[in-house]
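Hello,

Here is the structure I promised to pass on.

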Amino acid sequence: MTEYQKLIRAERIAHTVEIMETQTGKLGVANTCSLGVAVFYGAIDGSDDTMITPQEFNQRFKITAAIMA
């Protein structure tokens with residue numbers, strides 16, 4: 001199962017999905033959206049936050065936790 005598929009499943013049961021950028025170790029959260037995947041991670045000022053494709057999410061990120069309500 002890809003990280004993107006895990007993200008879709010995790011969103012069904014969790015209110016927050018935590019991620020880590022594998023190359024840098026930067027932590028954050030992610031959610032699916034109409035344009036692909038919104039990732040909010042790294043710098044507190046939001047400069048690292050971005051929209052990426054599911055393929056890029058699979059390559060760059062790892063899901064570390066699904067936080068239940």
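**Helix and sheet**

Helix α1 (residues 3–13) lies across β1, β2 (27–33), β3 (36–41) and β5, running at about 80° to β2. Helices (H or I, at least four residues) and strands (E, at least two) are DSSP runs, numbered from the N terminus. Angles run from 0 to 180 degrees between N-to-C directions, with axes as lines fitted to C-alpha atoms, for helices over the stretch in contact.

This is a predicted model, in which local features need pLDDT of at least 70 and side-chain atom pairs count only at pLDDT 80 or more, while totals for chains, interfaces and linings use all residues. Residues are numbered from 1 along each chain as its sequence is written, and side-chain values use heavy atoms, leaving out hydrogens and water.

The five strands form an open sheet in the order β4-β3-β2-β1-β5, with antiparallel pairing (a pair needs at least two bridges found by DSSP). Because β4 (50–52) and β5 (61–67) are at the edges with a single partner strand each, one side of each has no neighbour in the sheet. On average, neighbouring strands here are turned by 35° against each other, direction ignored. Strand β1 (residues 16–21) runs antiparallel to β5 and is joined to it by six bridges; Glu 21 stands opposite Phe 61 in β5.

Now to a loop residue. Asp 48 sits in the loop between β3 and β4. Leaving aside residues up to four places away in sequence, Asp 48 touches Lys 26, Tyr 41, Gly 42 and Ala 43 (contact means heavy atoms within 4.5 Å). The side chains of Asp 48 and Lys 26 are joined by a polar contact of 3.2 Å, that is, a pair of N or O atoms within 3.5 Å, where within protein one must be able to donate a hydrogen and the other to accept it, and residues adjacent in sequence count only if both atoms are side-chain atoms. A polar atom of the Asp 48 side chain also lies 2.8 Å from the backbone nitrogen of Ala 43.

Best wishes
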